[in-house]
Amino acid sequence: MYPRPLAEDAPIRRFAYASMVVLILSLWLVPLMAVMATSLRSFEEVMAGNYWGWPKSFNFIENYTAVFTQTAMARYFLNSLIVTLPSVVGVLVLSTLTGYVLSRYRFRGANLMFALFVGGNFLPAQIMMIPVRDLMVSIGLYDTYYALIVFHVAFQTGFATLFMRNFIAALPDELFQAARAEGASPWQTLWHVVLPLIRPALAALAILTFTFVWNDFFWAIVLTQSDAVKPVTAGLNNLRGEWVSAWNLVAAATILVAIPPVVMFFLMQRHFIAGLTVGAVKG
């Protein structure tokens, strides 16, 4: 049974619901607002202990410029892009191919293969730390971009395959039967039938994968050591150690690190809506 629409509820329940929304939203926004306010403060104000009050001076340009001119954050940003973008592309390509095969073809070992993809999602990352690090060292990829790219593609493809397999399996069988009747090959069916219809799933998966890889901190410190390849999360940790008292710069760097996933969401949201619209109007 679906819940009753809020507009039809009793006034007291509507008031309680609105109060809880405001309370939860405030608890979520207060730390963010504090970090944003700190990123605008001067170093002297931070040293004076004004962390929660209104900034006495707004050093927006000075603090955010200093993040790139006085620290190595520009290098860390570039490193994260070099790692994240190929990882997202690799995950989308592999998960689409495996999801297509596992959802539309029956062969010996298909269920076992799918179970392996699903089972990999239940492995805690911590128990794989030493084996993965030793593997990267043995094959010469430790402390390189390739170590992070290979790991993220391998680790994220399990969940992405589950996601894509279920999405493709929900497509009408009549579409595939019509494609076969027209003489389309499996590759042509994938390209001309499946891909246009799974654009919303690809957009959602791209957002999730980008966010997971960009925000990863654990594997960034496990598989990298030098500043030449460290992503922004590990670089931000270094910045916190180097500028332990300059919380205004650390806060500014934190805000900058959080911007790319937000931008990615709004960019892909347009494609997400466009994909839904195409799928709705095509007959």
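This is a predicted model: local features need pLDDT of at least 70, side-chain atom pairs count only at pLDDT 80 or more; totals for chains, interfaces and linings use all residues.

Reader: Fine. Take Asp227 with that cut-off: what does it count as, and at what relative accessibility?

Author: Asp227 has 36% relative accessibility, so it falls in the partly exposed class.

Reader: And which residue forms a salt bridge with Asp227?

Author: That's Lys230, with the closest N and O atoms 3.9 Å apart. Lys230 counts as buried, because its relative accessibility is 13%.

Reader: How close is 3.9 Å to the limit you use?

Author: A salt bridge here needs a side-chain nitrogen of Lys or Arg within 4 Å of a carboxyl oxygen of Asp or Glu. The Lys230 and Asp227 pair, at 3.9 Å, is counted under that rule.

Reader: How many salt bridges are there by this rule?

Author: The count is three. Another of them joins the side chains of Arg104 and Asp173, at 2.5 Å from N to O. Arg104 is in helix H4 and Asp173 is in helix H8 (residues 173–181), so this pair ties together parts 69 residues apart in sequence.

Reader: Is Asp173 buried or partly exposed?

Author: Partly exposed, at 42% relative accessibility.

Reader: And which side chains meet in the remaining bridge?

Author: Glu45 and Arg41, at 3.1 Å from N to O. Glu45 is buried, with 6% relative accessible area, and Arg41 is buried too, at 0%.

Reader: Why would such side chains pair up at all?

Author: As a general point, side chains of opposite charge can pair when their charged atoms come close.

Reader: Okay, zooming out. What does the secondary structure of the chain come to?

Author: There are 13 helices and zero strands.

Reader: How does the radius of gyration compare with that of a compact globule?

Author: The chain has 24 Å, while a compact globule of 283 residues would have a value near 19 Å. Along the principal axes, the C-alpha atoms fill a box of roughly 75 × 65 × 30 Å.

Reader: What share of the residues is buried?

Author: Buried residues are 38% of the 283 in the chain.

Reader: What is Ser103 in contact with?

Author: Setting aside neighbours within four places in sequence, Ser103 is in contact with Arg165, Ile168 and Ala169. A polar atom of the Ser103 side chain also lies 3.2 Å from the backbone oxygen of Tyr100.

Reader: Last topic, the surface. Which residues form a nonpolar patch?

Author: Leu25, Trp28, Leu32, Met33 and Met36, with about 520 Å² of accessible area together. Leu25 sits in helix H1, residues 11–38, and at 44% relative accessibility Leu25 counts as partly exposed.

How values were computed. Residues are numbered from 1 along each chain as its sequence is written. Side-chain values use heavy atoms; hydrogens and water are left out. Patches are made of residues with over 30% relative accessible area and no salt bridge: like charges are joined within 9 Å, nonpolar side chains (Val, Leu, Ile, Met, Phe, Trp, Tyr) within 5 Å. Accessible areas come from the Shrake-Rupley method with a 1.4 Å probe; for residues, only the protein chains shown count as cover. Helices (H or I, at least four residues) and strands (E, at least two) are DSSP runs, numbered from the N terminus. Buried means under 20% relative accessible area, exposed over 50%, partly exposed in between (1.4 Å probe, protein chains only). The radius of gyration is taken over C-alpha atoms; the globule rule is 2.2 Å times the number of residues to the power 0.38. A polar contact is a pair of N or O atoms within 3.5 Å; within protein, one must be able to donate a hydrogen and the other to accept it, and residues adjacent in sequence count only if both atoms are side-chain atoms. Contact means heavy atoms within 4.5 Å.
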